[in-house]
Amino acid sequence: DNHGNGLFLGERDCLLQRRHQKLVEESPAPGFTPELRARLGELALALGHAAGYRSAGTVETLFSDGEFYFLEMNTRIQVEHTVTEEVFGIDLVAEQIRIAMGEPLSVSETPTPVGHTIEFRINAEDPSRNFAPTPGTLVKYQEPSGPGIRIDSGVVQGSTISQYYDNMIAKLIVSGRDRDEAIRRARRALTEFEIRGVDTTIGAHLQILGNAPFLAGDVTTRLVESTMDFSKIERTT
């Protein structure tokens with residue numbers, strides 16, 4: 001903020017990607033230790049202070065062989081900010097507005113993360129055709145609900161997904177007491193998420209949730225494109 005305060009709100013694992021675009025994000029990162037988290041926090045805050053940055057921001061790094069390698073800093077709220085909000089219980093958009101108004105952060109110390117949250121990007125894409133965009137009209141749109149389920153969307157049944165803009169339909173954010181519970185809830189929610197009129201990434205997400213390396217938390221940026229075959233996913237259009 002503008003009062004010399006800085007707050008680090010943990011890490012997000014965003015390794016599951018296609019064409020360098022994120023598909024699944026989660027927090028906390030599987031296998032991340034408190035020591036690594038503290039070190040990453042020190043690095044991120046040091047960068048923000050050194051740059052004189054004010055507002056919410058995301059420091060992106062690659063992590064390999066115990067070392068962090070800086071990629072870039074995104075000077076904005078990111079699509080996957082929701083997983084941070086869920087595990088830390090802080091409205092990041094509200095904090096960003098407070099800073100813009102000249103007010104101090106409402107939290108002075110990093111809260112303890114609670115539980116585990118995974119976000120799934122529900123895009124109008126056909127996984128069986130290398131995630132080709134599938135713009136069109138949503139002739140059926142029914143969101144899942146239940147414990148630990150949050151949906152961020154800007155569409156309704158009858159909305160049109162344009163070929164000219166980002167083809168994201170919604171974000172499915174699933175929380176649980178631990179990663180295993182979040183994954184179980186995610187399987188149910190994805191199965192109940194009904195979209196017709198365009199192909200979506202729902203089938204790919206369900207396949208990812210059955211992938212052994214993902215379940216073990218042993219993932220890389222190449223897991224989706226290099227090791228998984230989505231050619232048999234049934235199309236919905």
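Is T117 buried or exposed? In this predicted model, T117 is buried, because its relative accessible area is 1%, which falls under the 20% limit for that class.

T117 belongs to strand β5, which spans residues 116–123. Its side chain makes a polar contact with the side chain of S175, at 2.8 Å. Apart from neighbours within four places in sequence, the residues in contact with T117 are E25, E26, S27, V83, E86, V87, I173, V174 and S175.

G176 lies in strand β12, which covers residues 168–176. G176 is buried as well, with a relative accessible area of 12%. Leaving aside neighbours within four places in sequence, G176 has contacts with G115, H116, E181, A182 and R185. The C-alpha atoms of G176 and L215 are 15 Å apart, and the two residues are separated by 39 residues along the chain.

**Helix α3**

Helix α3 runs over residues 92–100, and L92, E95 and I99 are buried in it. These residues lie on the same side of α3, because they cover an arc of only 55° around the axis. Helix α2 (81–88) is among the elements that cover the buried residues of α3. At the start of α3, a side-chain oxygen of D91 comes to within 3.1 Å of the backbone nitrogen of V93. After α3 comes G102, which has a positive phi, near 85°.

**Salt bridges**

The whole structure contains 19 salt bridges.

| Pair | Distance (N to O) |
|---|---|
| R150 and E86 | 2.7 Å |
| R150 and D152 | 3.0 Å |
| R188 and E192 | 3.0 Å |

The side chains of R150 and E86 meet in a salt bridge. This pair links distant parts of the chain, since R150 is in strand β10 (residues 149–153) and E86 is in helix α2, 64 residues apart. E86 is partly exposed, with a relative accessible area of 34%; E86 is also one of the residues in contact with T117. R150 has a salt bridge with D152 too, and D152 counts as partly exposed at 24% relative accessibility.

How far apart in helix α4 are R188 and E192? R188 and E192 are four residues apart in α4 (residues 179–192), so about one helical turn separates them. R188 is partly exposed, with a relative accessible area of 29%, and E192 is likewise partly exposed, at 38%. Elsewhere, salt bridges that share partners join K22, E25, E60, E80 and R121 into one network. Within this network, E25 is also among the residues in contact with T117.

**A nonpolar surface patch**

Which residues form a nonpolar patch on the surface? L62, Y69 and L71 do so, and together they have about 300 Å² of accessible area. L71 is located in strand β4, residues 67–74. The relative accessible area of L71 is 46%, so L71 is partly exposed; this value exceeds the 30% that a patch member must have.

Definitions and conventions:
Residues are numbered from 1 along each chain as its sequence is written. This is a predicted model: local features need pLDDT of at least 70, side-chain atom pairs count only at pLDDT 80 or more; totals for chains, interfaces and linings use all residues. Side-chain values use heavy atoms; hydrogens and water are left out. Helices (H or I, at least four residues) and strands (E, at least two) are DSSP runs, numbered from the N terminus. Buried means under 20% relative accessible area, exposed over 50%, partly exposed in between (1.4 Å probe, protein chains only). A polar contact is a pair of N or O atoms within 3.5 Å; within protein, one must be able to donate a hydrogen and the other to accept it, and residues adjacent in sequence count only if both atoms are side-chain atoms. Contact means heavy atoms within 4.5 Å. The arc is that of the directions from the helix axis to the C-beta atoms. Patches are made of residues with over 30% relative accessible area and no salt bridge: like charges are joined within 9 Å, nonpolar side chains (Val, Leu, Ile, Met, Phe, Trp, Tyr) within 5 Å. Accessible areas come from the Shrake-Rupley method with a 1.4 Å probe; for residues, only the protein chains shown count as cover. A salt bridge is a side-chain nitrogen of Lys or Arg within 4 Å of a carboxyl oxygen of Asp or Glu.
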